[in-house]
Amino acid sequence: MGARKTKQKPAMVEPVEIPDAEHELVIERAAAIDVAKAAGKVCVRLPGKSGRRFSRVWDVPARTGAITELAEQLVKLGIDKLTVESTSDYWRIWYYLLEDAGLDVQLVNSRDVKNVPGRPKTDKLDAVWLAKLTEKGLLRPSFVPPAPIRVLRDYTRLREDLIRECTRYWQRLEKLLEDAAIKVSAVASKLDTLSTRDMVEALIAGERDPRRLADLARGRMKAKRSDLITALDGRFDDHHAELARLLLGQIDALTAQIGALSARIEQLIDAMDESDHHTGDRGGSGGAVPPATGEQTTALGPPTTTAIGVDSDTATVVEALRLTAVERLDEITGVGQRAAQTIIAEIGLDMTRFPTPEHLVSWAKLCPRTIQSGPVIRGGKTGKGNPYLKGALGEAAAAAARTDTFLGERYRRLVKRRGRLKALVAVARSILVIAWQLLSDPTARFHDLGPDYHTSRVVTERKIRNHIAHLTAMGFHVTLQPAA
């Protein structure tokens, strides 16, 4: 008779201690506002005389005077934390005015404060529920940059919108030329070149001879004269000329506005850099921020890498202090001046709001959500995130993918097994991590690790051993001989 099998008890696992975050503290006097367009439902949670807590709810119009009076009332009540729900753009007047009054205001995402299923859905109950979540510390505040960064963000976002609108007008002009059987866009790389603009202006002025129009080509376009002659032989008439003039007028007006916004953005960023120099802080946190990872360099020590592509050796420290934040971000592969300005406008200069680069990447929604249920762990969707930041990083990643650099090689390594879109997101994530390191350490500068970074660090013996194991598993007998 065989031995009886006994069921082994699972091994004891040491419990993991997870400390509460700062926003998870229990608050004695809390308030919340359920925001709407015309008014807001205000709820305060206060301790009663009998020891039991109670709620007080009332309506406040969404007007500057009414909200200023509300701020005075909340200050008198000694409110420790005030929560505002991010409903469209209606939260802005509440957040800005209450913040100016000195109250501790936090903005929360509306999807994080949904009411308990099965309960009635009213503005009053929503305000009470929001206040109860606030006092229990169950809400995670959203990132709201300081006022100077918000001003810069307004300019950069409007510039991005105008650039997109200008692109739409160029597309409309291309459709108009196609309707007139003018195929210049099939020869020229794009319509907004000087040569193409001169040809369109000549068409509007009444010139119809394709040879004379082709003679307006400049630079490298002159070599395509024969193709231009056939492409410019169409049926461009007076109504096409009138519509083309209107479209070019819109394009010129938008271009002028974009130029004015770019000049203003440069002034705002220069003012921020001068302010940081006066306070001795380029990171915006009241003092020089040490490198986030790695060792700090000494005056005579060797160069130390604090992150991927970031150097903070003695030689680069002096040079980095002379550069602005935009100039240092501009050194990242794929990141131009406009993208650097957008990154600063969206995440700010103070990286203490994001304790680690992983926090910033998670906030930007450039990493998949981790979904674990029992032994199964899978990645969820990344989420929408900040569209302006993701757009700038996506363009920078697409530009970096075409270069012979570390980021370009990273894209080519990932695209083989993960696909183009996921590889671009991975490169965008790397760019954002580098930007966090540069903004956290004002003395650091970007240093490209080179396209052979991974291959040069592969152990040759391990690689040989793996290849031999694969061939042996396939039934081959391997004998190695050194090359002559």
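Let me begin with a definition: a residue is called buried under 20% relative accessible area, exposed over 50%, and partly exposed in between, using a 1.4 Å probe and protein chains only. By that scale, alanine 181 is partly exposed, with a relative accessible area of 30%.

The model before you is predicted: local features need pLDDT of at least 70, side-chain atom pairs count only at pLDDT 80 or more, and totals for chains, interfaces and linings use all residues. Residues are numbered from 1 along each chain as its sequence is written, and side-chain values use heavy atoms, with hydrogens and water left out.

I turn to the chain as a whole. Its secondary structure comes to 16 helices and ten strands. Helices here are DSSP runs of H or I with at least four residues, strands are runs of E with at least two, and both are numbered from the N terminus. The chain has 484 residues, of which 39% count as buried. Contact means heavy atoms within 4.5 Å. Among the contacts in the chain with a separation of 6 or more, 63% come from residues 24 or more positions apart.

Next, helix packing. Two packed helices are described by the angle between their axes and the distance between the axes.

H4 passes H11 in a left-handed crossing, a term for the near helix being turned anticlockwise from the far one by less than a right angle, with right-handed used if clockwise. On the H4 side, the contact is made by Ile149, Leu152, Arg153, Thr156, Arg157, Arg159, Glu160 and Ile163. H11 contributes Arg338, Gln341, Thr342, Ile344, Ala345 and Glu346. How do the residues of this contact divide into nonpolar, polar and charged, and how many are there of each? There are five nonpolar, three polar and six charged. In this scheme Ala, Val, Leu, Ile, Met, Phe, Trp, Tyr, Cys and Pro count as nonpolar, Asp, Glu, Lys and Arg as charged, and the others, Gly among them, as polar.

Glutamate 160 lies in H4 and counts as buried at 13% relative accessibility. Leaving aside residues up to four places away in sequence, glutamate 160 touches Arg338, Tyr388 and Glu395. Arginine 150 is also found in helix H4, and at 14% relative accessibility arginine 150 counts as buried.

Just after H11, glycine 348 takes a positive phi of about 80°. In the loop between helix H10, residues 325–330, and H11 we find isoleucine 332, which is buried with a relative accessible area of 3%. Isoleucine 332 touches Leu407, Ile431, Ile434, Ala435, Leu438 and Phe446, not counting residues up to four places away in sequence. From isoleucine 332 to histidine 447 there are 115 residues in sequence and 8.0 Å in space, C-alpha to C-alpha.

H1 passes H2 in a right-handed crossing. Thr64, Ile67, Leu70 and Ala71 of H1 meet Ile93, Trp94, Leu97 and Leu98 of H2. The residues of this contact comprise seven nonpolar, one polar and no charged.

I close with two backbone details. Alanine 181, in the loop between H4 and helix H5 (194–205), has phi near 65°, a positive value in a residue other than glycine. Lysine 365 lies in the loop between helix H12 (357–363) and strand S8 (370–373). Its phi is near 60°, again positive in a residue other than glycine, and lysine 365 is partly exposed, with a relative accessible area of 24%.
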